[in-house]
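Dear colleague,

I am passing on the structure below, and after it you will find my notes. Please read them alongside the coordinates.

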There are 2 protein chains.
Amino acid sequence: MAGPIPTSPLALPLPKLPPLAGVRLATGEAGIRYKGRTDVLLADFAEGTTVAGVFTKNLCPGAPVSYCREAIKGGLARGLVVNAGNANVFNGLLGVRAVETTAAAAAATLGTTPEQIFLASTGVIGEPLPAHKIVAVLDTLKANLAADRFAEAAQAIMTTDTFPKASTRTARLGGVEVRVTGIAKGSGMIAPDMATMLSFIFTDAAIPAPALQAMLSKGVDTTFNCITIDSDTSTSDTVLLFATGQAGNAPTEDPGELGEFRRALHEVMHELALMVVRDGEGAQKLVQITVDGAVSNASARKIAMAIANSPLVKTAIAGEDANWGRIVMAVGKAGEPADRDKLGVAVGGTWMAQAGGIVPGYDETPVVAHMKGQEINIEVDIGLGQGRATVWTCDLTHGYIDINGSYRS
Amino acid sequence: MAGPIPTSPLALPLPKLPPLAGVRLATGEAGIRYKGRTDVLLADFAEGTTVAGVFTKNLCPGAPVSYCREAIKGGLARGLVVNAGNANVFNGLLGVRAVETTAAAAAATLGTTPEQIFLASTGVIGEPLPAHKIVAVLDTLKANLAADRFAEAAQAIMTTDTFPKASTRTARLGGVEVRVTGIAKGSGMIAPDMATMLSFIFTDAAIPAPALQAMLSKGVDTTFNCITIDSDTSTSDTVLLFATGQAGNAPTEDPGELGEFRRALHEVMHELALMVVRDGEGAQKLVQITVDGAVSNASARKIAMAIANSPLVKTAIAGEDANWGRIVMAVGKAGEPADRDKLGVAVGGTWMAQAGGIVPGYDETPVVAHMKGQEINIEVDIGLGQGRATVWTCDLTHGYIDINGSYRS
């Protein structure tokens, strides 16, 4: 593709990101692939910081993913190193050595053990990661560590993202106010990269690792795992949640006490996940798909994802065509229980099809107006049960072909 | 989209299509949606013609599919009516009435019962099919029935196909020569239609319906069920196989005796299936993907389909980029057993990645040349077992967005 990718029309500005006790950040230029921009992030965590993580289900994961899967077992984190420009995927033994080198050097820099260092890389795959370039800047990064660098951090982890992504919330926990701040990147692309999604979430709350993991895993189910740009699962997807315990609350695992925190965490994850969709390759429209009346929530999610991943549905949305016929097709191909004679489809709140046929004489005017907007809302009623799910995607446009069909250079 | 869709660069000319004893065909202009072109096909079969069929697995099938699923139970066919321009899908009771009206009228015209009439429709969905327009031309069609109209038949069933599709073979069966001739349509599109695939195959062999069905079902597994344009399963997909028994062979169900016939049938189905891919929306390249070394054939097929349906792989091919990283990603997301450290990927016969890493110093020259061609060959070695499968797809280009993202008019 000629020229830079323009900023997504769905981009959002960064929110105000206050410091978070127990987290210090620094970004730098390691020159791994990009020139003249930051491409490496170092995070330093207070002693005793707990950690939870979820990783790609892709069976050909990157070396950093395999590394983090091991490290997460300890439940404690003192540092995080993220680089952009090289995903360290499909590099065999060289990939393993690169993560070992980086983790050992970062541990020495921060005065901890490699088991408490977490790593993530995205960018080009199949090219050995020059770990020495990261190691070379660690001392400078350490000297620059500061608490107010969340915006810089969100910027440094971008690959072909067109805008930085962050979200923050506060919650009451054990009588004190705690903060949750997250950053994410995804899903721009330069051949031969793959779309990859990284998110790092930080809180000053004191929460033991198992409770943290439970909340993260559950939260991912309805946020990051409910978005899709193009149905292609990355080899690097990683979400890490760090709790520094510096807010002063008594550590708790009590689900009742954690209610407000869980909601704040969920809002941060939801907001970050939607920002990734807003930066979907070639995206012109953000699409929310809610499926109701399925036989179970899992069934509803599968149907919603079949709609969200259907190239025919996505191109119709790009064309501002409320093509309910393609939605019906996608429901039918999902393989989940459905009865065409009970099916209903609404776009922008207007029911176009109900009980297996077009609604006679329905007024298309509000639907046409809705389709011209940037945020498209699709509802499907399966009419069989109580199962419900909402997922988010973007439209499929010429921009996607431009970005991903460019000659490798 | 402005203007007509240009003929696919991958189009093939129609082969010579000799008459087939026991099959007479006629096409006409019912004016269901298109003007100035034929849009309806009537086929008349000799008494005793056996029939086998396979239909879409989409759970929201069209009324003609539901109708044929019932009719096929009798195993006998005297007639076939196909229309283009209206799929008779998602029309509720009106859809059922339309197939009943058409079947009754065609049965009366051909002097048989509705149970021996088969129906197929593709085109716009959610609009009632004006069956009376088909009924009105049946007498004229009957008067025009002739044995040498296969080319016209292939033309009449097209919707937004850019070229007619037919294939023919001969085989020895029970001491006589029998012929197998098939026609197919797919997969052009005008919003708000869906891509739909129809194929009708005819033979003058005498083969009982159960044996016919077994051969058709098995053949579909490695032909029509191994192609994908965009992963969207149509609500109208139908393959019907009619055996008129006029060739003079003694009816047989013996698998050994049927060997040569089965091969001829398979070749016809293979050729037709690939013609559908060649007419894939926006297709510029025909892509063959072979996965070997999987734990089973089914596993190999699932991995191959994950590659074939990956928008990232398909856009890379459109960009003539031998992006093996995206192929590795697709293998990993398929969810089938795979070990990244045993994986190999070849393009155009050149192994680019092997044993989990890029082949050191491999010569990219032949790969670059191969990617510029019209027929792309991808091989993946999973390195775990003996499972093998081959599937076919096309690239994902701006043409696909043009065709499917156009405003509804």
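I begin with the strands of chain B, where Val345(B) stands opposite Val380(B) in β15(B); helices (H or I, at least four residues) and strands (E, at least two) are DSSP runs, numbered from the N terminus. This is a predicted model, in which local features need pLDDT of at least 70 and side-chain atom pairs count only at pLDDT 80 or more, while totals for chains, interfaces and linings use all residues. Residues are numbered from 1 along each chain as its sequence is written, chains are lettered from A and ligands numbered from 1 in the order in which they are written, and side-chain values use heavy atoms, with hydrogens and water left out.

The strand β12 (residues 344–347) of chain B is joined to β15(B) by four bridges, and the two run antiparallel; two strands are said to pair if DSSP finds at least two bridges between them. Strand β11 (residues 286–294) of chain B also pairs with β15(B), in the parallel sense and over seven bridges, and there Asp292(B) stands opposite Asp381(B). In a regular strand the side chains alternate between the two faces of the sheet. Strand β15 (residues 375–381) of chain B has Ile376(B), Ile378(B) and Val380(B) on its covered face, whereas Glu375(B), Asn377(B), Glu379(B) and Asp381(B) make up the uncovered one.

In chain A, strand β12 (residues 344–347) pairs with strand β13 (residues 350–354) in the antiparallel sense over three bridges, with Ala346(A) opposite Trp351(A). These two strands form a hairpin with two residues between them, and Gly348(A) in the turn has a positive phi of about 60°. β13(A) is in turn joined by two bridges to strand β14 (residues 357–358) of chain A, again antiparallel, and the bridge partner of Gln354(A) in β14(A) is Gly357(A). β13(A) and β14(A) likewise form a hairpin with two residues between them, where Ala355(A) in the turn has a positive phi of about 50°.

Turning to the aromatic residues, the structure holds 12 aromatic pairs over all chains; rings of Phe, Tyr and Trp (its six-membered ring) pair if their centres lie within 6.5 Å, and planes under 30 degrees apart count as stacked, over 60 as edge-to-face and the rest as tilted. The rings of Phe118(B) and Phe242(B) have centres 6.1 Å apart and planes at 75°, so this pair is edge-to-face. It links distant parts of the chain, since Phe118(B) lies in strand β5 (residues 117–124) of chain B and Phe242(B) in strand β10 (residues 238–243) of chain B, 124 residues apart. Both Phe118(B) and Phe242(B) are buried, where buried means under 20% relative accessible area, exposed over 50%, and partly exposed in between (1.4 Å probe, protein chains only).

The rings of Phe150(B) and Phe202(B), with centres 5.5 Å apart and planes at 55°, form a tilted pair. This pair too links distant parts of the chain, with Phe150(B) in helix α4 (residues 150–156) of chain B and Phe202(B) in strand β8 (residues 198–203) of chain B, 52 residues apart. Phe150(B) counts as buried because its relative accessibility is 1%, and Phe202(B) is buried at 0%. In chain A, ring pairs link Phe45(A), Phe118(A), Phe150(A), Phe202(A) and Phe242(A) into a cluster.

The charged end of Lys165(A) sits over the ring of Phe163(A), 4.5 Å from its centre; this requires NZ of Lys or CZ of Arg within 6 Å of the ring centre and within 35 degrees of the ring normal. In chain B, Lys165(B) lies over the face of Phe163(B), at 4.5 Å from the ring centre.

An unreviewed UniProt entry places the feature "binding site" at positions including Thr159(A) and Asn404(A); UniProt positions are given in the numbering used here, feature names are shortened, and annotations may be inferred rather than shown by experiment. Thr159(A) is in the loop between α4 (150–156) and β6 (165–173) of chain A and counts as buried at 10% relative accessibility. Asn404(A) is in helix α11 (residues 398–404) of chain A and counts as buried at 0%.

With kind regards
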